[in-house]
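Hi there,

Here is the structure I promised to pass on to you. Have a look at it first, and then read on for what turned up.

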Amino acid sequence: MGSTLLQKVWDAHTVRTLPNGQTQLFVGLHLIHEVTSPQAFDMLRARGWPVRFPDRTIATVDHIVPTRDQRRPFMDVMAEDMLSALERNCRQAGVRLFDLASGAQGIVHVIGPELGLTQPGTTIACGDSHTSTHGAFGAVAFGIGTSQVRDVLASQCLALDPLKVRRIRVTGQLPRGVYAKDVILEIIRRLGVNGGVGYAYEYAGSTVDSMSMDERMTICNMSIEGGARAGYVNPDECTFDYLRGRRFAPEGSAFDRACAWWRTMASDEDATYDDEVEIDAGAIRPTVTWGINPGQSVYVDEALPATRDAPEGERASITEALDFMGFREGSPIKGTRIDVAFVGSCTNARLSDLREAARIVRGRSVAPHVTALVVPGSQAVRLAAEREGLDRVFIDAGFDWRAAGCSMCLAMNQDRLEGRQICASSSNRNFKGRQGSPTGRTLLMSPAMVAAAAVAGEVVDVRQVSYGD
Ligand code: SF4
């Protein structure tokens, strides 16, 4: 009987089974950033422990960096303190830091792949929930908390419960105007925000097979929003083509040897799964969240759910969400006036995302009442976009063109919603207060939909804006 990629990677990294039944798993790559690492380093220092594998630890700064004025010291004293602490910790521990001067800084889940650090068949951990992004490469990647960051720094290991695997096969051609973001929102809507608890999601099927690495990253990124502990795509030629020539990828014959091994790590044809789900890509339409979790979404041409039609167990959460959002049940999502448009985050701030958003706004203007910003996922994405002139397209349309960082995904810098503002956002979470204002409201959607909303000043169907459907 064949094995899944998860099983193969798990077996290859198992140090031992712990008395409580958990697996002590070796971590091939530990990515750290300024927010969840300072306490972990402090805990290590207090015990006199060194970082066990500094060469398997890579740092960047993303969550708190200002995206407008990055001169040091930062205006925000706490942000300056956090970056200074990261610099000091990395220097003392011998950990490589991709800082603002490096030219390779960016959101941790953007730079890992970009630098070729993220590779198939390995295990990756990072103190950020959306570490599942790296699964797009056939890695098994876990978001971890601060105490686990300490554990990995000290031992390069994690204690984890075994996982089941659900294969989600998405097949068929995506209609135009429908993107990877819509696919993952569809999956979360169907299976629920807790549907993946205890599982890793394996994304497969002809739709996923034909996706670019950027698109696969968007899907894997939001696995955690569906409750899954990890999400991955089996490595294939698309994966290898992406990695070839990247800074930390193997070179020459070592790359060929690596490819040969990476191929063996893909799930076997006759692997068995704990659960299987089929999704018809052709039936998906542009999707928008209307509530306070990523599973509360509708197609852009649908109405918000009516509480009375919902299963009894969901009624309270629908009522809570409608109350918070100030929306009426049964009303259309299309036409919802927005105040802010945000193209950014580790879900959707790669070059292909920016290209698609720019295609929509080219020659158009942001609605007068909308504040619109584009925050590239990394310095490399920003530079590549500028080489193509995308910055001019956005600026001419009335967008702010910012420096790389997490920005308004979670508003740990100055980029925040104010009061009850509504934001059309290409990020991954629409929890209450996620974008800085406790009463601010987030509508998740694809970058193309954000761009269309920025221009219209309200939620619109990108198919109508882009193709006149
Ligand atoms: S962009 Fe958002 S989800 Fe991604 S790493 Fe930054 S804060 Fe986390």
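Which side chain does Glu202 join in a polar contact of 2.6 Å? The partner is the side chain of Tyr232. Please keep in mind that this is a predicted model.

Glu202 sits in strand β10, which covers residues 199–204. Its side chain also makes a polar contact of 2.7 Å with the side chain of Tyr273. Glu202 is buried, yet it has no salt bridge. The nearest side chain of opposite charge belongs to Arg167, 4.9 Å away, and a salt bridge needs the two atoms within 4 Å. Among the residues that Glu202 touches are Thr4, Leu5, Val165, Ile168 and Asn234.

Elsewhere there are salt bridges to find, as the structure holds 26 of them. In one, Glu87 pairs with Arg72, with the closest N and O atoms 2.9 Å apart. This pair links distant parts of the chain: Glu87 is in helix α3, while Arg72 is in the loop between β4 and α3, 15 residues apart. Glu87 counts as buried because its relative accessibility is 19%, whereas Arg72, at 37%, counts as partly exposed.

Another salt bridge joins the side chains of Glu388 and Arg355, at 2.5 Å from N to O. Here too the pair links distant parts of the chain, with Glu388 in the loop between α13 and α14 and Arg355 in helix α12, 33 residues apart. Glu388 is partly exposed at 38% relative accessibility, and Arg355 is partly exposed at 41%. Finally, salt bridges that share partners join Arg68, Asp400, Arg402 and Asp415 into one network.

Happy exploring!

Notes
Residues are numbered from 1 along each chain as its sequence is written. This is a predicted model: local features need pLDDT of at least 70, side-chain atom pairs count only at pLDDT 80 or more; totals for chains, interfaces and linings use all residues. Side-chain values use heavy atoms; hydrogens and water are left out. Helices (H or I, at least four residues) and strands (E, at least two) are DSSP runs, numbered from the N terminus. Buried means under 20% relative accessible area, exposed over 50%, partly exposed in between (1.4 Å probe, protein chains only). Lys and Arg count as positive and Asp and Glu as negative; His and the chain ends are not counted. A polar contact is a pair of N or O atoms within 3.5 Å; within protein, one must be able to donate a hydrogen and the other to accept it, and residues adjacent in sequence count only if both atoms are side-chain atoms. Contact means heavy atoms within 4.5 Å. Lists of a residue's contacts leave out its neighbours within four places in sequence.
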